[in-house]
Amino acid sequence: MRKFWLAGLAGALSLGMWGAAGAQGTGEVKALFEQKCSICHPFDRATAKKKDREGWEKTVLRMKNVNGAPVTDEEARAIIGYLTANHGR
């Protein structure tokens with residue numbers, strides 16, 4: 001998990017989720033989350049929940065690897081970062 005977390009952090013930083021470009025990057029990742037996750041269910045189903053990073057990792061990776069959500073590894077890292085930052089506990 002630690003390796004995945006570090007890769008996720010690197011991916012999030014490269015996407016501009018933090019720092020000067022944070023607002024734009026976060027908006028793009030929010031749109032990605034809404035687009036990908038609403039294929040199977042309303043996105044407010046996820047945003048009503050509060051989970052820590054590990055909880056969001058388990059959820060997103062289960063959706064990707066078990067349920068077949070059409071999300072790349074990079075998109076999953078970005079979505080996990082977005083959910084942790086905006087819907088974490």
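What share of the contacts in the protein with a separation of 6 or more is accounted for by residues 24 or more positions apart? In this predicted model, the share is 67%.

The protein contains five helices and zero strands. Read from the N terminus, its elements follow the order α-α-α-α-α. Of its 89 residues, 37% are buried.

The interior may be considered next. In soluble globular proteins, nonpolar side chains tend to be buried together. The largest nonpolar core of this model has 15 residues, and those touching the most other members are F33, W56, V60, V71, I79, Y82 and L83. Three helices, namely α2 (22–37), α4 (53–65) and α5 (73–87), each contribute at least two residues to this core. The greatest contribution is that of α5, which provides six residues. V71, one of the core residues named above, touches K36, K64, A76 and I79 when residues up to four places away in sequence are not counted.

The buried residues of α5 are E75, A76, A78, I79, I80, G81, Y82, L83 and H87. An α-helix has 3.6 residues a turn, so residues three or four places apart point the same way.

I80 belongs to helix α5. I80 counts as buried because its relative accessibility is 0%, below the 20% cut-off that defines a buried residue. Apart from its neighbours within four places in sequence, L83 is in contact with F33, W56, V60 and G88. Of these partners, F33, W56 and V60 are listed, like L83, among the core residues that touch the most other members.

Helix α4 comes next. It has 13 residues and reaches 18 Å from its first C-alpha to its last, close to the 18 Å expected at 1.5 Å a residue. Its buried residues are R53, G55, W56, E57, T59, V60 and K64.

The loop between α3 and α4 holds K49. Is K49 buried, partly exposed or exposed? K49 counts as partly exposed because its relative accessibility is 40%, a value between the cut-offs of 20% and 50%. K49 and H87 are 38 residues apart along the chain, yet their C-alpha atoms are separated by 6.8 Å. When neighbours within four places in sequence are left aside, K49 is in contact with W56 and H87. W56 is a buried residue of α4, and H87 is a buried residue of α5.

The largest pocket has a volume of about 320 Å³. It is lined by 22 residues, and C37, H41, A46, T59 and M63 are the closest to its centre. Four helices, α2, α3 (44–47), α4 and α5, each supply at least two residues of the lining. Which helix provides the largest share of this lining? That helix is α4, with six residues. By type, the lining comprises 13 nonpolar, three polar and six charged residues. T59, one of the residues closest to the centre of the pocket, is also among the buried residues of α4.

How values were computed. Residues are numbered from 1 along each chain as its sequence is written. This is a predicted model: local features need pLDDT of at least 70, side-chain atom pairs count only at pLDDT 80 or more; totals for chains, interfaces and linings use all residues. Side-chain values use heavy atoms; hydrogens and water are left out. A nonpolar core is a set of buried Ala, Val, Leu, Ile, Met, Phe, Trp, Tyr and Cys residues joined through side-chain atoms within 4.5 Å. Buried means under 20% relative accessible area, exposed over 50%, partly exposed in between (1.4 Å probe, protein chains only). Contact means heavy atoms within 4.5 Å. On a 1 Å grid over the protein atoms alone, a cavity is a set of points where a 1.4 Å probe fits but cannot get out, and a pocket is an open set with protein on both sides within 12 Å along at least five of seven lines; lining residues have an atom within 4 Å of a point. Grid points are joined across faces, edges and corners, and a volume is the space filled by probe spheres set on the points. Ala, Val, Leu, Ile, Met, Phe, Trp, Tyr, Cys and Pro count as nonpolar, Asp, Glu, Lys and Arg as charged, and the others, Gly among them, as polar. The expected span of a helix is 1.5 Å times one less than its number of residues.
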